[in-house]
Each structure stands twice: as structure tokens, then as C-alpha cells.
Amino acid sequence: MEALLAEYPASSAARLSAEALAAWMSAHRDRQWLPAAAPLRAPHLPFLLALPAKPKRWLIESAAAPMPRLDFRPTVQSLPALAAHLGLSLGELDWLRARCRGHSHYRLRLIPRPMGRMRILEIPKQRLKQVQRAILRDLLPAEACSEHAHGFVPGRSALSHARLHCARGGLLQLDLRDWFAGIALPRVRAVFVDLGYPMPVANALAQLCTARHDSVSLAGLPSAQRMQARDRHLPQGAPTSPALANLCARGLDRRLAAYAAAAGWRYSRYADDLVFSSELGCSDDFRRALPTIERVVRDEGFAPNPSKTRIQSQGQRQRVTGIVTNARPALAREDFDRLKAEVHAWCCGRERVIDGEDRQLSLQRLLGRIGWLRQLQPARGDRLLARLRTAGITQRFDRHDR
């Protein structure tokens, strides 16, 4: 098996047909896994029949290079070593990795969304959050995700994602449904196995990074969401979830990037937001490609959200993660006008503060939005900031902080 994985990554080896594996083993008889006189044919490999066959119409990854193995050498090779590394006893490790009866390691916040669905924020409690941060810092590779992923990756951002698709003829945007909740425990465990962790350690890490909830805490949710949240999944709110989701999507990025390159397009992903751009901007090409792209998304274990699929031509306003990309990264006109009006209100002493919110916090929110504008359009952002400084707004609050 080690020789096979040295030539084929784990994700590719799992997809080999019986005939392909039989041919590979015949070419490596010097390994002596079968007698030399035994004829080696696919029927002698009955264990391969359990592998699902992949329909040929889905094999658009043929234009892509094989999935590279994750170049990571874990130092933790046993459960006692894992507990020691995380500063836990074995009992504490077992308590954190399993949902105890009558106790949850997460606090839930339900946020209403359109179409009757709810956004579930699963916020780990302090002890588990510390452990998850240690896993993210020490036990996950910092740069193992795909080069096409821009969300939650050091050195990349929504701005780098949008810049790839500036001044393009057309855009195709797809959204993935249930980005975190749709990634279940087995896929998370497979990521840790691919990283080189032994199965007991990989299983423990996967349990520490996933969540499940009982029916009482999920009361009021649609039935589909309740069923999904009762099984272990990546929680939206855990420090480890974005990195693990990006690692789970490596195969998706590889296949879609190969498809885009073959078509002469660009491809990038920011979390659950997939964007393709074409220099020519032919909408018919995007419409013809859309069924194939959605099949690949489903084949990789994700679910497309058709209600958020958009095709935008150069004659329309093109937006990527809220950034206008028709010519260069920019804030939408109405968003800039709203921000400028708020700055004017602050300078005139007529600022609007949300009920119960501290004025200092309200100003910090405003300064954060101006900082975002300065990344997109530095000259405009500097002018708004200068108006606040001229009016003495920022200096006044700076003195208050001191």
C-alpha cells in the first residue's frame, strides 16, 4: 500500500478501477505480494468491487494533474501524545471529543435568513475553543489548501479573490449550500488521515473539530436543518472549521480549475463562493458549462445553491464578494454614497447611533468601513478619513480612550 500511495495520492488511489490496479500490481511483481506464477487479473481483486464506479461523463479531472499529496509530517502519533500536546489529560480529551449527556460544548445562535432557513452559529465554549486554536496552530498545515482558495488563507482575502476577475468579459458565480454543516465527520477524519495521522488520532481530532446537537437545542429549525445538525459536522464558529473546509475542497478546486483552464477561463473560490470569469464573456458558454460544473460539485460532496447562481456580462455591474470588478476593485456607488453621508453626519454632530450601542463602538464600525474603502479605493478612503480628522472626531475619541 505504501508503494501504491507513493505513486498515486490517496484521493486518486481510491478511484482506481479494478483493471487499473491489477495492471499496476502486475508491473510491480518484484514487491512479492502475490506468487509469481499466479495470473493477476481484476477478478482476483474482489475487495475493489466495493469502490463506487465513477461515470465517465463526470471525469473532467482528466485534464488536471494528479492531486498532490499533503506535504506534512505530524509529530503526534498516539492519543497520549495528542492529549499532552493539547495540555489535556486523557479523561479531558475524551470529555471534549464526545458530546456528554445533558451537556454541549457549544452555544447556539440562530439568525433568520430568507426562504425560511436559519443560519446556525455554533460558538465553542472557552475550553474547547482553546483546544481548537491549538489544533489550528500546531496540527494543521498553514498553506496546504488549494492555490485557488482565497477565503481564510494567510496572504489572501476577498480583495485578492475579486482582483482575479477584474475587467473580464463575463462572470459565472455559484454558491454552495451549507458550506460548513454539509461537511460531515468522515470527511474531516479523512483529511487528518491524508495528513499522516494514525486512525485513532485522526478520529479524535475530527471529533474535537466537529459538533452535533440534540433536538431540544434545535427546536424551531426546519426539519432538514435539524437532521443535518444532529449528525457530526463542521461547526460555523469554530476556529478550525475554515481551514478544514478548505482542505476538504482541494479536490473540488483542482477539478474546476482544470475545467476552467481548458475553457480559457479563470477560477477562484472564497469559502462557498465559486467564480469563473471569461475574457470574451459569452453567456451561452457559461450556460452550457453550468450542468457539468454542478455535477462536479455534487460529485465532490458539496451541494450547489441554484437560487444564487448568476451570470453577469460586461454591460452589467459585476460584483465579486461585494466588490465591483468591471474595471478595477471598487465599492458600489450606493454603498459609497451611504458611507459618505454617515461621515458628513458625524462631522455635523448628527450621527445616528443604534439604540444601546456605545458611540465609541459606532465610530469604530465607521472607521472599519473606511479602512475597507481605503483598500479598494485609497484616494476616496483618505478623503473621508481626513474629513473626520479635520472635524476632530477621531482625536476626541482617541483622548477618551487614553
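Trp-95 is partly exposed, its relative accessible area being 39% (buried denotes under 20%, exposed over 50% and partly exposed the range in between, with a 1.4 Å probe and protein chains only). The model is predicted, so that local features need pLDDT of at least 70 and side-chain atom pairs count only at pLDDT 80 or more, while totals for chains, interfaces and linings use all residues. Residues are numbered from 1 along each chain as its sequence is written, and side-chain values use heavy atoms, with hydrogens and water left out.

The chain contains 17 helices and nine strands (DSSP runs numbered from the N terminus: H or I of at least four residues for helices, E of at least two for strands). Of its 402 residues, 44% are buried. Among contacts (heavy atoms within 4.5 Å) with a separation of 6 or more, 66% join residues 24 or more positions apart.

Trp-95 belongs to helix H5, which covers residues 90-97. The C-alpha atom of Trp-95 lies 9.8 Å from that of Leu-208, although 113 residues separate the two along the chain. Helix H9 (residues 199-208) includes Asn-203. Asn-203 counts as buried because its relative accessibility is 19%. When residues up to four places away in sequence are not counted, Asn-203 touches Arg-97 and Arg-189.

Lys-308 is located in the loop between strand S6 (303-304) and strand S7 (310-313). With a relative accessible area of 33%, Lys-308 is partly exposed.
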